[in-house]
Amino acid sequence: MQPLESVPAAWWELLAEGVGVALVTRLSEGADRAVSEVVRATDVPGSDSERRAGELLATRRPGRDALYGGSGLVLVEAYPSAPYVVIGGGGELGEVIARQAGLLGWEAVIVTEPAEAEKVLAARRDAACLAMLSHDPEFDVPTLRTALALGIPYVGALGSRRTTARRRDGLLAAGVAQARLETVHGPIGLDLGARTPAETALAICAEMLAVLGGRDARGVRDSEESLRG
């Protein structure tokens, strides 16, 4: 326990906003004084305790840990943000993905312009999951490039293998490194045999959950079966 006044006001503000954040509290050697600082998921760690905070936030599950340093005990409390699904392009599938995300307690937003997508991704880059549904080269390639540059935790794109190849060529031409392209889940979704929009939305959200949780689940991009669309 510690006095409320020792907790930075930013802690309560960021929790209210749903931003992934951790509270790092350093106790004095005599355990009679506590000093707390806020660590966001996007912060560059400058100490072992901040690095541990980042690790806990990356698990996407609330967690606590204690570390012993030269000056005493350090407590880390992490509250990751829920996935924030950014859907590139509207239509029936986009709406169904948004509803599926809602069932999981996730937020979702549909974007249709590169500038709009960039603004949303930058604001929630610690939790954003991009599901690119649009096949418009003027929208999908710039938005995918932005997501990769920001280090968005999950980037996926719907489409046939031909469309996927076209996007890869466009991203390479835009200067995206080959190694970064390998992180794109395209074709998007887990290999569940989905056919309907509802089933496809389930496969996409399931892949997001698996990737964010560090699970090795088989995606459609690893399947050798032919695809529709």
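Predicted model: local features only at pLDDT ≥ 70, side-chain atom pairs only at ≥ 80, totals over all residues.

## A network of charged side chains

Arg52, Glu55 and Asp65 are joined in a network of salt bridges.

Asp65 counts as partly exposed, at 28% relative accessibility. Arg52 is also partly exposed, its relative accessible area being 26%.

## Further salt bridges

A salt bridge also connects Arg64 and Glu77, whose side chains meet at 3.7 Å, N to O. Arg64 is located in strand S3 and Glu77 in strand S4 (residues 72-79), so the pair ties together parts of the chain that are 13 residues apart in sequence. Arg64 has a relative accessible area of 61% and is therefore exposed, while Glu77, at 21%, is partly exposed.

Helix H2 contains a pair of its own. Arg51 forms a salt bridge with Asp48, and the closest N and O atoms are 2.8 Å apart. The two residues are three residues apart in helix H2 (residues 48-58), so about one helical turn separates Arg51 and Asp48. Arg51 counts as partly exposed at 40% relative accessibility, whereas Asp48 is exposed, with a relative accessible area of 55%.

How many salt bridges does the count come to? The count comes to nine salt bridges.

## Patches on the surface

Glu113, Glu116, Asp136 and Glu138 form a negative surface patch. One of these residues, Asp136, is found in the loop between strand S7 (128-132) and helix H5 (137-150). Asp136 is partly exposed, with 38% relative accessible area.

A nonpolar patch on the surface is made up of Leu4, Trp12, Leu15 and Tyr79. Together these residues have about 390 Å² of accessible area. Among them, Leu15 lies in helix H1 (residues 9-17). At 32% relative accessibility, Leu15 counts as partly exposed.

Is Thr25 buried or exposed? Thr25 has a relative accessible area of 1% and is therefore buried. Thr25 is part of strand S1 (residues 21-27). The side chain of Thr25 is joined to that of Ser36 by a polar contact of 2.7 Å.

## The chain as a whole

The chain contains eight helices and eight strands. Of its 229 residues, 42% count as buried. Taken along the principal axes, the C-alpha atoms of the chain fill a box of roughly 65 × 35 × 30 Å.

Technical notes:
Residues numbered from 1 in each chain as written. Heavy atoms only, no water. Patch = residues over 30% accessible without salt bridge, like charges linked within 9 Å, V, L, I, M, F, W, Y side chains within 5 Å. Areas by Shrake-Rupley, 256 points an atom, 1.4 Å probe, with all protein chains shown as cover. Salt bridge = Lys/Arg side-chain N within 4 Å of Asp/Glu carboxyl O. Lys, Arg positive; Asp, Glu negative; His and termini not counted. Charge placed at Lys NZ, Arg CZ, Asp CG, Glu CD. Helix = DSSP H or I, 4+ residues; strand = E, 2+ residues; numbered from the N terminus. Buried < 20%, exposed > 50% of the residue type's maximum accessible area, 1.4 Å probe, protein only. Polar contact = N/O pair within 3.5 Å; in protein donor to acceptor, adjacent residues only side chain to side chain.
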